[in-house]
Amino acid sequence: VTRVPMRLEDQRWVWDFERLEASITPRTRLLLLCNPHNPVGRVFSRDELAELARIADKYDLIISSDDIHCGLVLDADKPHLPIASLGHEVAARTITLMAASKTFNLPGLGCAFAVVSNPALRAKLAHAAAGIVPRVNAMGFAATLAAYRDSADWHRALIDYLRGNRDFVIDRIRAIPGLSIIPIEATYLAWIGLEHPGIPDPPGFFEKAGVGLFDGRVFGTEGFVRLNFGCPRSQLERALDRIRAAMTTT
């Protein structure tokens with residue numbers, strides 16, 4: 001795996017297309033895309049996706065697009081756009097991975113799916129998955145059907161609540177010296193930067209304060225932690241109070 005980190009520009013995480021293209025070698029076969037992006041919470045624009053599609057076409061890359069957070073777009077003016085929807089040629093080289101599990105909290109039921117319009121590519125995927133990817137159980141099918149067919153009102157209420165949680169997290173984190181946060185367009189995940197030099201082990205530091213945060217090093221990035229704000233606001237407030245108290249005493 002070759003990692004190409006996002007670049008911070010004008011308070012927004014953006015692609016480093018030059019670095020991406022420079023990282024491609026004759027052995028490169030697959031471009032892994034996450035849209036909306038985990039962990040930075042970006043919803044990619046048509047122009048950004050078009051440039052990724054151009055690069056994939058130039059180097060004959062298959063695109064595997066993880067769109068599992070597509071039901072968790074928080075900014076109404078930034079709709080989710082699957083890269084495969086840009087045109088038939090892009091779709092022919094794209095595997096779009098989706099599930100109801102993130103939006104409707106169903107991961108334990110193990111139901112996900114791939115959208116692959118190219119029959120030859122779909123056959124390759126089925127062959128590679130054989131004996132590795134388990135079949136979906138009946139409860140997983142039933143729950144996914146109920147989520148997509150019967151839960152629109154619940155979903156709207158969820159997005160409203162998460163939007164409020166998102167704004168609450170941003171306001172609170174920005175008021176804590178030593179921490180930074182960039183606007184979150186989608187997901188229920190906050191990507192928090194640590195500007196304090198005296199915290200060599202951020203997850204361990206915050207765990208001692210009673211808050212479990214995800215280590216940014218798992219994503220290949222030092223000095224960041226990921227906070228899940230998909231929870232009751234009262235619980236979120238307790239977590240942020242503990243984070244503030246820990247940073248105040250550092």
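This is a predicted model: local features need pLDDT of at least 70, side-chain atom pairs count only at pLDDT 80 or more; totals for chains, interfaces and linings use all residues.
Helices (H or I, at least four residues) and strands (E, at least two) are DSSP runs, numbered from the N terminus. The chain has 9 helices and 10 strands.

Residues are numbered from 1 along each chain as its sequence is written, and side-chain values use heavy atoms, with hydrogens and water left out.

Start with the overall form. The C-alpha trace spans about 60 × 45 × 35 Å along its principal axes. Contact means heavy atoms within 4.5 Å. Among contacts between residues at least 6 apart in sequence, 70% join residues at least 24 apart.

Now the surface. Accessible areas come from the Shrake-Rupley method with a 1.4 Å probe; for residues, only the protein chains shown count as cover. The chain exposes about 13,800 Å², and carbon and sulfur atoms supply 56% of that area. Buried means under 20% relative accessible area, exposed means over 50%, and partly exposed lies in between. Of the 250 residues, 43% count as buried.

Next, the charged pairs. Side chains of opposite charge can pair when their charged atoms come close. A salt bridge is a side-chain nitrogen of Lys or Arg within 4 Å of a carboxyl oxygen of Asp or Glu. The whole structure holds 21 salt bridges.

One of them joins Arg-93 to Asp-60, with the closest N and O atoms 3.3 Å apart. This pair links distant parts of the chain, 33 residues apart. Arg-93 sits in the loop between helix H3 (88-92) and strand E5 (94-99). Asp-60 sits in the loop between helix H2 (46-58) and strand E4 (62-66). Arg-93 is buried, at 16% relative accessible area, whereas Asp-60 is exposed, at 55%.

Arg-217 and Asp-201 also meet in a salt bridge (3.3 Å, N to O). Their positions are 16 residues apart. Arg-217 is partly exposed at 35%, and Asp-201 is partly exposed at 38%.

A network of salt bridges links Asp-75, Asp-77, Lys-78, Arg-166 and Asp-167. Asp-75 is buried at 17%; Lys-78 is partly exposed at 22%.

Terms used. Buried means under 20% relative accessible area, exposed over 50%, partly exposed in between (1.4 Å probe, protein chains only).
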